Amino acid sequence: MSYSITEPSNRQKWFAGVLVVGYALLTLLPLAWIIATGFKTPADAIAYPPKVVFTPSLEGYVNLFTSRSRVTPEDLAALGPPTTWYDAIVRQYDMVINGPSRYGERFMNSVIIGFGSTFLSVFLGTIAAYAFSRFKVPLKDDLLFFILSTRMMPPIAVAIPIFLMYRQLGLSDTHLGMILLYTAVNLSLSVWLLKGFIDEIPIEYEEAALIDGYTRFQAFYKVVLPQAATGIASTAIFCLIFSWNEYAFAVLLTSGTAQTAPPFIPTIIGSGGKDWPAVAAGATLFLLPIMIFTILLRKHLLRGITFGAVRK
Amino acid sequence: MAQIVIKNLRKEFGAFTAVQSSSFTIEDGEFFMLLGPSGCGKTTTLRMIAGLELPTAGEVYINGTEVSQKPASKRDIAFVFQMFALYPHMNVRKNISYPLVSQGMPRDQVRAKVQEVAEILGITALLDKPVGGLSGGDRQRVALGRAVVRDPACFLMDEPLGALDAEFREHMAQELRALHDRMHATTVYVTHDQLEAMQMGDKIVVMNHGVVEQFGRPQEIYDWPATTFVATFIGSPAMNLLPFEGMVGNGATSVTLAGSEVQIPKMIGGDEGGLVLGVRPEHVHLDDAAGYRGRVMAAEYLGTTQIVTLDTPLGQVKARLSSSKLVTVGDSVGLRFDARSISLFAANGHALISTANQRVLHHG
């Protein structure tokens, strides 16, 4: 019995539309709230009932990027008029700017560690997946299962051994240490995802390249890699999302030089009281890179998440 | 161009033996067919010639050089895959020029060569198109272009027409054959389609279960099958096989089928016990004077001919008769076989040697 796919009725379309819009609102609302809070004054941020309409202010961003100290009104008056617009904002609260905050450094740490570990996970994952897909590896199935099994418990369950190991090895609070750690966590996902993609690339392409006079390695990077681009891109997004957002290990293993933004952002609130706008501003900026990265690769991602299901 | 010699080639995949021990010679410039059902080892044999599989034992000589353990890239061969294996991320021109680029040929030479090949294959208009949007036939032409462009010692083709529509296949088969006749390149061609093999091949090797069953010119194989497998695999409908108990001696010229005498080619040597008589459907005639009789079960009309199925004492017989011959289902008719074209097989399936097939079958 054959069946045909019919055009959905208007009611079905309407229902689907409501569902999609509803879900989008549900997931985007917290995001919108955070972005909005970043532009509120501290008073507006904690106002009850919550303010939806407010006068935008850059106070949160100024507080995010600066470290300030409170001075007496007399001292403030002695300083003369504020020289910059951010000075003016700060002085409303009887404060002066001492210098930049650590947010910039922490953000850069996140970039280095996040992208570094993503690159390493995808690079190692690709060559491992290629080997598993194409060569006779002894105990192949067992090895693949072993690799998968590293993800069978939450990584944080091994936090204490890792903490002790890192202390012994001098990897605590280093960029290398965090890159290695996130790579180790992401690698199993990366190997499995990429193996699926590479399995889908017919081996004839490489054989054709071999016959056309190329070596195995040339065949790999000239023929297999371009075709695995989709898989590599979507794997990279998954890996980056994990290492970018990771909080628990970052709290545990970093405190200074290699501290990433996630553990840093909440500490903003501790110093100057209830500085929610600064926290929100930090979170907003922190969202941007991954948002841009995902938007740039979204076509690949859309095909990537249906990996194995669709044949070109 | 090249002569290819296969000697005692064997391939095992773990406990499974894909190719038992093949030996045959492909002469320079020949269009050579490797024919057999799926799983018979024909593709494995081809891949061993190509260097995509390394044989467990045996030798492969291309132009007198033993290459069985050499990598594919060092064998100077071109391979056309069933699914074409055009590089999907490159356009037609890049696909065709790819083998030349690997040799480090200068750009302008590559360009000229690609142009020349594209003209031969009639695909100049496609050169700058991506391969994704091409039709099956055009992909096939591009794949051929990629093979032809480097003037290899030989062409190896793994069911190159298998992925095409039936109507287009015929056309492409002619194009392929014409291309071969123009280039005179040694070509080894794998197919499971016996018609394709008969139509295109200068020579055919028939394989089954990893064993070479027969090796020869299409007509020799068709007329004088070496085994009952070849007899049934080649030809549509297949050769009629009638098993009987009996004895043929040296010089015998007839056998007794269900009590009636049937003329056969003069035997050399002989056998007794369970024997099989084989006769092609076109060599079966209806003749009321004949002693061997059968009842008409069905008649399929095929235009100029018809296939008549007859129920006989030793089994079903299909006869290819002229459509003008009137047959009525249910009628009892006499069957006469062309004496000169009959094959006899021993119980083990091997053909018995007669004066008719001794030229073709050298063994025994």
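In this predicted model, strand β11 (residues 240-248) of chain B pairs with strand β14 (residues 271-279) of chain B in the antiparallel sense, and nine bridges join the two. Within that pairing, V248(B) stands opposite D271(B), a residue of β14(B). Strand β14(B) also pairs with strand β20 (residues 343-345) of chain B, again in the antiparallel sense, over three bridges; here G278(B) has S343(B) of β20(B) as its bridge partner.

Chain B is divided into domain 1, which covers residues 4-223, and domain 2, which covers residues 237-345. The centres of these two domains of chain B, taken over C-alpha atoms, are separated by 39 Å.

Another sheet of chain B is an open one of six strands, which follow one another in the order β6-β7-β8-β3-β9-β10 with mixed pairing. Since β6 (77-80) and β10 (211-216) of chain B stand at the edges and each has a single partner strand, one side of each is therefore left without a neighbour in the sheet. On average, and with direction ignored, neighbouring strands of this sheet are turned by 15° against each other. Strand β9 (residues 203-208) of chain B runs antiparallel to β10(B) and is joined to it by five bridges, and N208(B) stands opposite V211(B) of β10(B). Helix α4 (residues 136-148) of chain B lies across β6 and β7 (154-158) of chain B, and it runs at about 170° to β6(B).

| Strand pair | Bridges | Residues opposite each other |
|---|---|---|
| β11(B) and β14(B) | nine bridges | V248(B) and D271(B) |
| β9(B) and β10(B) | five bridges | N208(B) and V211(B) |

Chain A, too, is divided into two parts, with domain 1 at residues 42-101 and domain 2 at residues 104-304. Between the centres of domain 1 and domain 2 of chain A, taken over C-alpha atoms, there are 38 Å, and nine residues of domain 1 are in contact with 10 residues of domain 2. On the side of domain 1 of chain A that touches domain 2 of chain A, α2 (42-45) and α3 (59-65) of chain A each supply at least two residues, and α3(A) provides the largest share, with five residues. By class, this side of domain 1 has six nonpolar, two polar and one charged residues.

Two packed helices are described by the angle between their axes and the distance between the axes. In chain A, helix α9 (residues 175-200) and helix α12 (residues 229-245) pack at an angle of about 155°, with their axes 10 Å apart. Because an angle over 145 degrees counts as roughly antiparallel, α9(A) and α12(A) are described as roughly antiparallel to each other, and α9(A) passes α12(A) in a right-handed crossing. Among the residues that make this contact are Y182(A), L189(A) and F197(A) of α9(A), together with I232(A), F238(A) and F242(A) of α12(A). The residues of this contact divide into 10 nonpolar, six polar and no charged.

Finally, the two chains meet in a contact that takes 14 residues from chain A and 17 residues from chain B. On the side of chain A that touches chain B, α10 (204-211) and α11 (216-227) of chain A each supply at least two residues, with α10(A) giving the most, six residues. The residues of this side of chain A divide into eight nonpolar, three polar and three charged.

Conventions. Residues are numbered from 1 along each chain as its sequence is written. Chains are lettered from A and ligands numbered from 1 in the order in which they are written. This is a predicted model: local features need pLDDT of at least 70, side-chain atom pairs count only at pLDDT 80 or more; totals for chains, interfaces and linings use all residues. Two residues are in contact if their C-beta atoms, placed from the backbone, lie within 7 Å. Helices (H or I, at least four residues) and strands (E, at least two) are DSSP runs, numbered from the N terminus. Ala, Val, Leu, Ile, Met, Phe, Trp, Tyr, Cys and Pro count as nonpolar, Asp, Glu, Lys and Arg as charged, and the others, Gly among them, as polar. Domain bounds come from an automatic or database domain assignment. Two strands pair if DSSP finds at least two bridges between them. Axes are lines fitted to C-alpha atoms, for helices over the stretch in contact, and angles run from 0 to 180 degrees between N-to-C directions. Angles under 35 degrees count as roughly parallel, over 145 as roughly antiparallel, 65 to 115 as roughly perpendicular and the rest as oblique. A crossing is left-handed if the near helix is turned anticlockwise from the far one by less than a right angle, and right-handed if clockwise.
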